[in-house]
Amino acid sequence: MKRKVLKLLRSGVAVMGVVAMLSTMQSYTLTVAAAEQGVIKNHESITLEIGDTVILQGERAYGYSDYEISWTSDNDGIISIESTDDGNSWDKYTTAKIKAVSSGTATVNLKADYHGMWSYDESFTINVKGSSTEEPSIDEPVVVEDNKNLFIRLVGSFEHKMVGEEDVDAVSSATTGSYVSTGANAVKLEAALVDKDVDRDSVPEESWHPLSYFENAEDAVKINPDHTKTKVLVEPECPGVEVGYNVWDGTVAITGKPEQAGDYKISVQFTDTENRVAISNAVDFTVYELNGKLVEVLNYDNATQTSDGKYIYDQKPWYISDLGADVVTVPKDIKAWYGSHTTGTYAELGSVISLTNGEVPSQTLVIPRGCNLTMLNTRVHSGVKIVVENGGKLSLRQSTIEGILEVRRGGTLSVDYIDYGEDAGFTHGSVINGQIRMMNGSTLENARIVSHTNYSARDDINRNNSNPVVVTDGTVYVKGNVYIKGDEAADYGVGQKGLAVKGKLIVPDGSVLAVFGGGESQLSSMGGDAITLNNGTIYGDGKVIAVGGFGMNLTGNRDILGGGAAVSGKGTIDTDRAYLEGGYSFEKETQPINGNITLSYRTDHNLVTGKCIMGTGETTSPNYWHGTGDSDGICPDLSKYVVEDNAPIRRHSYRNSYWYPTYASSYYNWYSNYLFNTIMWYWFF
């Protein structure tokens, strides 16, 4: 980006050098009789009689190249400029027709200005001889009454910064305009030109337009080519910071490295081409010290109360490494925690530790009873453990959890789901690089859980994590739909497991649990298992989907190869429907079940063997969800996972009870026990 700016500057210097060279060339005189007069060019002279006319021709068709053209004379009354032509075509030069009015010498100047960035200046010398029988007519200036009001405003807000904080992405040029990336700390400058009787508060919204060269609305205010007439005001002065106005996109951007904490106000004074002057509103910009503590700023005084009596907290400063106490509890009436209001711009919380090296979080953030908190655009580092207590709920959106998130009895967790308004439904952007631990009596509600644990270089550069993204311990409840995807290996190891179940995970009627083991490229020698049962049961009248990760072992270690299983370990699948698919592999076919897994006699199921794709040109299964949130889908396409009615006992009236028997054996001898299961059913009931 900087190289492009330097290239532009060098080109500008080259152009100015050529202009300077041309300006030093010796002019010569062209004298013709009136009958032979024609066209003269830059630095030429001509002698005319009073009443004669001549054409002055510029060196190029400036008008076609979007230059602003002006013709002037340094000696009024000697000549008159009859007409001008901006040369608005490829082959038409810029010209002016002049007429000799009275004797004397005049220099006619042509100025071609390119948006104030550079200009061409040409001159023509006119000598007039003879005498005039009458005084030349001089047009009196016409005074036009100004019947318009000019207003300007700044729209948006500046992100706060900390003392010594570097810019993320902003490059300024040597001109008064600057290049501002989409990630720059900027607001928009807009202008409105309205009738004199309209005051600022009454300006209709459609009359406001960006104050930029590229704004072409009919009623838009034009940029003054004299950029010195636009001033950005910072009160008080903020050492180390520059605030610039970009004439190309109409933004006012902050760059530099703040040297002093404080509250600053930024406004703009603008003068238009008719010399109307307007001053904008002031926008706040805050610089914080580096040593802020969460316990000192996380309170109602630093939050904004909404009409429902709850509060919205904007994290300031944007990076708080020290919580200020071992345990910090979120005030229960704070309903939203914003790291920023811009998707992709994060606030950061907590210290960084290495979970790989066995370090344990020493900072704890508690979501208490009665607190229903949505955390947006926040990165919680690995040194922080989040605890959701009984009666509390945490919803994550576009946020990253690097450490441990523990949900206790009576607590609820939701991830990337909006449960109100016209935007209700799943969104994407959150990442779980640590681990979610659902304890006995907790609820996982409408959650889209994606892991990038092995690519979390900022928290754990040597991460090699195949532990499950989500673990349940005790009786845990699913509410709505839950989607979980493990990460692939980072170093040709084993892909991450998606879910581990100890105890009972209940998936009720109408809900879906879809889990995908890690592994989708050659980096995973062996695909991760989607679900691991540790003497656990997945139970209920909902649907379970599990697809193992892809394995492509390109190393000499033949101990880890193949796709991941859909379900492994020891336990029971006892849901209404189950779609289980082994992961694709570069080495061998993969069975969907690995271990001592029991399928209930009443579970309709589809058991799919993972393909060996060597030589086929295929990679992952077409049923594998990559969790990208784009063309792959924010959520898995559930229509792919077809399960037909094929259980020995189907559609019985007691399927919502908790006390019926589960005598089915494992997948491998399941059909051989059909008669036994049927007899036991009738005996029991």
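**View 1. The largest cavity of the predicted model holds about 40 Å³ of space**. The structure has 3 cavities of 30 Å³ or more. Lining the largest one are Lys393, Ser395, Ser414, Tyr417, Asp419, Glu445 and Asn446. By class, 3 of these lining residues are charged, 3 are polar and 1 is nonpolar.

View 2. Lys393 and Ser395 belong to the lining, as do Glu445 and Asn446.

**View 3. An open sheet is built from 5 strands**. Their order is β24-β27-β30-β33-β38, and the pairing is parallel. β24 (319–320) and β38 (431–432) stand at the edges. Each has a single partner strand, so one side of each lacks a neighbour in the sheet. Strands of a sheet pair through backbone hydrogen bonds.

**View 4. Strand β33 pairs with β38**. β33 covers residues 400–401. The two strands run in the parallel sense and share 2 bridges. Isoleucine 401 stands opposite isoleucine 432, which lies in β38.

View 5. Among contacts between residues at least 6 apart in sequence, 69% join residues at least 24 apart.

Notes
Residues numbered from 1 in each chain as written. Predicted model: local features only at pLDDT ≥ 70, side-chain atom pairs only at ≥ 80, totals over all residues. Heavy atoms only, no water. Pairing = 2+ DSSP bridges. Helix = DSSP H or I, 4+ residues; strand = E, 2+ residues; numbered from the N terminus. 1 Å grid on protein atoms, 1.4 Å probe; cavity = no way out; pocket = protein on both sides within 12 Å on 5 of 7 lines; lining within 4 Å. Points joined across faces, edges and corners; volume = space filled by probe spheres on them. Nonpolar A, V, L, I, M, F, W, Y, C, P; charged D, E, K, R; others polar. Contact = heavy atoms within 4.5 Å.
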